[in-house]
Amino acid sequence: MGTVITVMNMKGGVGKTTVAMHIAGICARYSIRGKHRKILAIDYDPQFNMSQSFLPAKSYFALEKQRKTTLSILLDSDADLDPYKLQVPGNHAPPKVSDLVTRVYGGKDAHLDLIPSTLDLMYVALGQATTQTKPIEERFQKFIAQCKTAYDVVFIDCHPAGSLFTKTSLRNSDHVLIPVVPQRYSQRGIGLMMEFISAKSPSEKAPTPHILFNATPRNGIAIEETEIRTNADYSSYCMDNSLKKFKVFSEPEGGIGFVWVSGKPYSTEAFNNLMRVAEELIRRVGA
């Protein structure tokens, strides 16, 4: 069975999508800890930034028109979307995973597949449910169960706000990767994430958190990072490696510009840094 990792932080501006797409991508393209893997990336953020990074605009809009997006996991139809009323599906069965995924790159034994997002997910985020949302939650749960049988690792790029997305993603994840930029108020974002992670019924197993410092200085350690690493509540969750601040990490768009194909200055250093982070994460989650 595959491992599900949600990438999330309630505080915005931490490079959540940058972390999700780069780690998912490098885990699919290269052997990590002596193993090639089948990777699925689910863009569960209405801003669909990860989708834009992996897909050319023409390809993305074609998939959106075909309803091959995360919205189809949750709802049967997008014909009557209403920003003031949440449309709860009558059908509790989600689509087949194979009907929604798009192959980004790779072959039979190692590849990266993507389920892009859509701005129309905002209708689900903002709509007020007049009935129980259980059908939506059940569809997502069944869909992730399918994913775990087909992939070694599933990365969910979840938006930074408490919502139905947060609830469904956390409840169906084994691990949560929390990107943190070492700056003021970082600890408040981590604390809120820990509360959300633990807010489950006694019968449910909470996902294991992993704190990844992102956009850190290439030399030295910021005071804010040291404060978090030495905090007894968070120290055991902090990853040893951090993702350094390299310009190349912010450049992918339309499927090009990723660090593993870039020839720009410091791209080799950035690639090696990313590889160390990916290797540690895979070791920590046992995937």
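## Where S242 sits

Keep in mind that this is a predicted model. Look for S242 in the loop that links helix 10 (223–229) to strand 8 (243–244).

Is S242 buried or exposed? With a relative accessible area of 8%, S242 counts as buried, because the cut-off for that label is under 20%.

## What S242 touches

The side chain of S242 has a polar contact with the side chain of T216, at 3.0 Å. There's also one with the side chain of K244, at 3.3 Å.

Which residues does S242 meet once its neighbours within four places in sequence are set aside? They are L212, F213, T216, N273 and V277.

Now zoom out. The model has an open sheet of 8 strands, ordered 3-4-2-5-1-6-7-8, and its pairing is mixed. Strand 3 (102–106) and strand 8 are at the edges, and each has a single partner strand, so one side of each has no neighbour in the sheet.

For strand 8, pairing with strand 7 (residues 208–216) is parallel and runs over 2 bridges. In general, strands of a sheet pair through backbone hydrogen bonds, in either a parallel or an antiparallel way.

## A helix across the strands

Helix 9 (residues 186–198) lies across strand 6 (175–180) and strand 7. Relative to strand 6, helix 9 runs at about 165 degrees.

How values were computed. Residues numbered from 1 in each chain as written. Predicted model: local features only at pLDDT ≥ 70, side-chain atom pairs only at ≥ 80, totals over all residues. Heavy atoms only, no water. Helix = DSSP H or I, 4+ residues; strand = E, 2+ residues; numbered from the N terminus. Buried < 20%, exposed > 50% of the residue type's maximum accessible area, 1.4 Å probe, protein only. Polar contact = N/O pair within 3.5 Å; in protein donor to acceptor, adjacent residues only side chain to side chain. Contact = heavy atoms within 4.5 Å. Pairing = 2+ DSSP bridges. Axes fitted to C-alpha atoms, helices over the stretch in contact; angles between N-to-C directions.
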